[in-house]
Amino acid sequence: MGPAVLSSHTNGFSKFDDKSNYINGNSSHEAVISNGSDCHWFEEIIDDNLKWSFALNSVLQKGTSEFQDIALLDTKRFGKALMIDGKMQSAEADEFVYHESLIHPPLLCHSNPKNVFIMGGGEGSAAREVLKHKSTEKVVMCDIDQDVVDFCRKHLTVNQEAFCHKKLHLLINDARAELETRNEKFDVIIGDLADPVKDGPCYKLYTKSFYQEIVKPKLHDNGIFVTQAGPAGIFTHKEVFTSIYNTIKQTFKYVIAYTAYIPSFADTWGWVMASDHPFCIKAEEMDKRIQERIDGELLYLTGASIVSSTIMNKIVSLALLNETHIYTEATAKFIHGHGVGFKQLNGGSCRV
């Protein structure tokens, strides 16, 4: 049997050829490879010297919207997996870890969350988790990419009920523009955004000006803001996590960083929660609120796990404490990879 071959074609997908050994293609961040035994692999490039591969049953759908590369993979280990711009967004087997961590700590910390605004969240999982809270009266989900939303409504059946829920108001718009023009304020604003990649659609929504001028004025006095903040592992926390944390500290009085390990991401992931009112996170009180406020049972979080998620190891704690970088459009940091804007300048690809 010949050696395995990596041959990247449009959108990074490739085919094994046991008679040659070559590397070819224009994708900057992903590929599908084969080992010659009828098993194909999707390969995500984490950085220049590190790759993360998934054995595939099939590629269910792939293409490019106006804003982002999109692919839905059927992986052997993690089930259906949504990839955007070559980056794992969520996987069937463990997406509950990410989405419970993003949604429930801020909603449980709020005294009575009724109106919630979700930036991004096109796959519907964040809305699904918000709608478990009995107190919610209105959930606005604003995603910039109609293709992603349509794609997820069609293929991610686990969230179809959430998409049809009477409390959900789905909007296709830029989150910044939508928040700027709305007169109402919200109890919780959630950033379920794609990672900041160069020329991607989301990096401007991690900036100090966005937090100060757009997000904070749209929160009620006791409102809470939370955002996903990228990888937070021993080797990756300084990519954007510590910068996002420090940037949010410039806007809000009380800021909490917390983390959880996501197997399909192959890393610890970070979130940042902020408010102008102090947080009171006690395990017993969190458990009480979970019991009283949430319909159904959480799969991952308990009161104790919420508390423990805010405790960092020494390396990450010191990095958060000593971070001085402030995220602006001029000083933006990026996760490895490129958005569609970059690829359109370098050859482009087809729409979904």
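**Cysteines, a helix and aromatic rings**

Reader: Let's begin with the cysteines: how many disulfides does the structure hold?
Author: This is a predicted model, and the structure holds 0 disulfides. Cys-109, for instance, is in no disulfide, since the nearest cysteine sulfur, which belongs to Cys-280, is 8.3 Å away and the cut-off for a disulfide is 2.5 Å.

Reader: And is Cys-109 buried or exposed?
Author: Cys-109 has a relative accessible area of 16%, so it counts as buried, the limit being under 20%. Cys-152 is buried as well, with a relative accessible area of 0%.

Reader: Switching topic, what can you tell me about helix α1?
Author: Helix α1 covers residues 95–109, which makes 15 residues, and from its first C-alpha to its last it reaches 22 Å, close to the 21 Å expected at 1.5 Å a residue. The helix is mostly covered, with 14 of its 15 residues buried.

Reader: Where does α1 bend?
Author: The bend in α1 is at Ser-101 and comes to about 30 degrees, and a proline, Pro-105, follows within four residues.

Reader: Okay, aromatics now: how many aromatic pairs are there?
Author: Counting rings whose centres lie within 6.5 Å, the total comes to 13 aromatic pairs. One of them joins Phe-210 and Tyr-211, whose ring centres are 6.2 Å apart and whose planes stand at 50 degrees, so that pair is tilted.

Reader: Are those two residues buried or exposed?
Author: Phe-210 counts as buried, because its relative accessibility is 0%, and Tyr-211 counts as buried with a relative accessibility of 0% too.

Reader: Which other ring does Tyr-211 pair with?
Author: Tyr-211 also pairs with Phe-225, and because their ring centres are 5.3 Å apart with the planes at 55 degrees, this pair is tilted. Tyr-211 lies in helix α6 (residues 208–215) and Phe-225 in strand β11 (residues 219–231), so the pair ties together parts that are 14 residues apart in sequence. Phe-225 is buried, as is Tyr-211.

Reader: Which residues do ring pairs link into a cluster?
Author: The cluster linked by ring pairs is made up of Tyr-98, Tyr-258, Phe-265, Trp-269 and Trp-271.

Reader: One last thing: which ring does the charged end of Lys-216 sit over?
Author: The charged end of Lys-216 sits over the ring of Phe-252, at 5.6 Å from the centre of that ring.

Key
Residues numbered from 1 in each chain as written. Predicted model: local features only at pLDDT ≥ 70, side-chain atom pairs only at ≥ 80, totals over all residues. Heavy atoms only, no water. Helix = DSSP H or I, 4+ residues; strand = E, 2+ residues; numbered from the N terminus. Expected span 1.5 Å × (residues − 1). Bend = angle between axes of the 7 residues up to and from the residue. Buried < 20%, exposed > 50% of the residue type's maximum accessible area, 1.4 Å probe, protein only. Phe/Tyr/Trp six-rings, centres within 6.5 Å; stacked < 30°, edge-to-face > 60°. Lys NZ or Arg CZ within 6 Å of the ring centre and 35° of its normal.
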